[in-house]
Amino acid sequence: MASASPELELFVREALMRGHSRPQVQQALLAAGWSDEQIRGVLDGWAEVDFALPVPRPRASLSAREAFLYLVLFSTLYLFAWNLGSLLFKLIEYTLADAAVAQWRGNSMGSSIRWSISMLIIVFPVFVFVARHVSNDVARHPIKRLSPVRRWLTYLTLFVAAVVLIGDLTTLVFNLLSGELSLRFVLKVLVVGLIAGTVFAYYLWDLRKEEVDA
């Protein structure tokens, strides 16, 4: 739901109280210069029921519990994506080893792989548990899809994923133009693109679904 000014909220409420129809209110506001998104955002806040006065719909509110759940959800998502990428990077380096760094691979890579696996073992179940809990909660109370913290963190995640994808593709093109492509490099680029692209596609789909259901 788009945010609206108090003046717009008050006007719509007064117009509906005086018996004006929704199309009439919408046309008047469009003629005054308000956008269709702003108008729909306010009109959707009032239920279409047969009653003498406008009946407000329930609105999303922010609670400490809700903020905690979404912060845990998105934090574990970031940790999972980072450590999954790190693990796949190390496996690629191990499989396509560089003889010049064989000693380093034996001493450092094993510890790095164990750390990534340990993080995934802990983080992934937490992410799945919180995601299912939040999903069930939203299914019971659809208004919670409009939670401010949910929307902010979703758009932040889309931003981060988009930046990673742009950087990933830029790096690929740069190395292609430089003639320095190798199988190990290409596989790493694919890993980053797959992880960031999956996250971006899922949350973009989630936002579009929210707009359709609103």
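I started with the face of α1 turned away from its buried side, and it carries the exposed residues P6 and E7. For me, exposed means over 50% relative accessible area, buried under 20%, and partly exposed in between (1.4 Å probe, protein chains only). This is a predicted model, where local features need pLDDT of at least 70 and side-chain atom pairs count only at pLDDT 80 or more, while totals for chains, interfaces and linings use all residues. Residues are numbered from 1 along each chain as its sequence is written, and side-chain values use heavy atoms, with hydrogens and water left out.

Next I looked up the buried residues of α1: L8, V12, A15 and L16. They sit on the same side of α1 because they cover an arc of only 95° around the axis (the arc is taken from the directions from the helix axis to the C-beta atoms). Their cover includes α2 (22-32), α3 (36-43) and β1 (46-47). Helices here are DSSP runs (H or I, at least four residues), strands likewise (E, at least two), numbered from the N terminus. After α1 I found G19, with a positive phi near 95°.

Then I went to the largest nonpolar core, which has 16 residues; Y70, L73, F74, L77, V134 and Y203 touch the most other members. Such a core is a set of buried Ala, Val, Leu, Ile, Met, Phe, Trp, Tyr and Cys residues joined through side-chain atoms within 4.5 Å. Its largest share, five residues, comes from α4.

I also noted a second, separate core of ten residues, including L8, L16, V42 and L43.

Definitions and conventions. Contact = heavy atoms within 4.5 Å.
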